[in-house]
Amino acid sequence: MIKPSICKLALFGNPVSHSLSPRIHQLFGEQFGMSIDYRAIECGIDALPAELDAFRASGGIGVNLTVPLKAVGLSVCTEIDINARRARAVNTLRRSSERWHGFNTDGGGLLYDFDRCNIDLIGRRILIIGAGGAAAGIIGSLLERGPAEVCIVNRTIERAERLTDRHAHLGPVHAAGPDMPGQQNFDLVIQATSAGHGQALPPLRRSWLSARACAWDLNYGAAHQPFAEWCRAQGLTVHDGLGMLVGQAALAFEIWTGNRPDPTPVMTALAG
């Protein structure tokens, strides 16, 4: 276990000013009597290597990556875990010696939230909207839970097809475009695009979903609101990405420190 006087961590990406990650990791640290210095640092793709070097030189031991850095983050890693390999994206970096080790905790974070909400994926027909890094980070974990089908819908179907080709050995997954006909009867839809950051909606039709479908958004806060409003108008139960955020953060915290935090009181604190 790592228990320095101050554990220096950071989130790199753009945008990051809205992020709850600094608060989440501070609360995790309190569970173990650790002082956490976790900063949200705005960073573009080209600046990432230099920013990581500067962060490491200042004593940093762990980093989260968000949009648009998850894919390019692979290039700075000497080793990556199986989830990052499947996704071809990293959201967590751990420094050891002179190397960065890469991980992807997104899928595990989403499964934590499904478990928290008692959502069983066995036999479910799952629709994922979007084929970017967020979608790539969760597909492998979803397929391991035994759904009947996972369908990825993206404006550019070729991008969705590349994702399905990489994951087809794990289970029933296929791609579709926004012209997919209705009456598909998916019973779980996951919104995995960044459209909400521009207060927009991705391509989505109510007719793709069953009458009792539920919805998950990988976004939270203001970026969640367009999808949330659409779901409510369609009579769908919708969950934001806060539970996934806390779940994946707990996995990252354990990777960095060796301490496994309890996400439940953190969820309570953030909801209060």
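## The open sheet

In this predicted model, an open sheet of 6 strands has the order 9-8-7-10-11-12 with parallel pairing, where strands are DSSP runs of E with at least two residues, helices are DSSP runs of H or I with at least four, both numbered from the N terminus, and two strands pair if DSSP finds at least two bridges between them. Strand 9 (173-176) and strand 12 (237-239) are the edge strands, each pairing on one side only. Direction ignored, neighbouring strands of this sheet are turned by 20° against each other on average; axes here are lines fitted to C-alpha atoms, for helices over the stretch in contact, and angles run from 0 to 180 degrees between N-to-C directions.

Strand 7 and strand 8 run parallel and are joined by 5 bridges, and within this pair Ile128 stands opposite Ile152 in strand 8.

## Helices on the sheet

Helix 5 lies across strand 7, strand 8, strand 9 and strand 10, and runs at about 170° to strand 7. Helix 6 also packs on the sheet, where it touches strand 8 and strand 9, and its direction makes about 175° with that of strand 9; contact means heavy atoms within 4.5 Å.

## The nonpolar cores

A nonpolar core is a set of buried Ala, Val, Leu, Ile, Met, Phe, Trp, Tyr and Cys residues joined through side-chain atoms within 4.5 Å, and buried means under 20% relative accessible area, with a 1.4 Å probe and protein chains only. The largest such core has 28 residues, of which Leu110, Phe114, Ile128 and Ile190 touch the most other members. Among the elements that give two or more residues to this core are helix 4 (106-116), strand 7 (125-129) and strand 10 (186-191), while helix 5 gives the most, with 6 residues.

Leaving aside neighbours within four places in sequence, Ile128 is in contact with residues including Ala135, Ile138, Ile152 and Ile190. Apart from this core lies another, of 23 residues, among them Cys7, Leu9, Tyr220 and Val266.

## A pair of helices

The axes of helix 8 (residues 242-257) and helix 9 (residues 263-271) come within 10 Å and cross at roughly 140°. Helix 8 and helix 9 are therefore oblique to each other, since angles under 35 degrees count as roughly parallel, over 145 as roughly antiparallel, 65 to 115 as roughly perpendicular and the rest as oblique. Leu242, Gly243, Val246 and Ala250 of helix 8 make the contact with Pro263, Val266, Met267 and Leu270 of helix 9.

## Basis of the values

Residues are numbered from 1 along each chain as its sequence is written, and side-chain values use heavy atoms, with hydrogens and water left out. Local features need pLDDT of at least 70 and side-chain atom pairs count only at pLDDT 80 or more, whereas totals for chains, interfaces and linings use all residues.

Note on methods: Buried means under 20% relative accessible area, exposed over 50%, partly exposed in between (1.4 Å probe, protein chains only).
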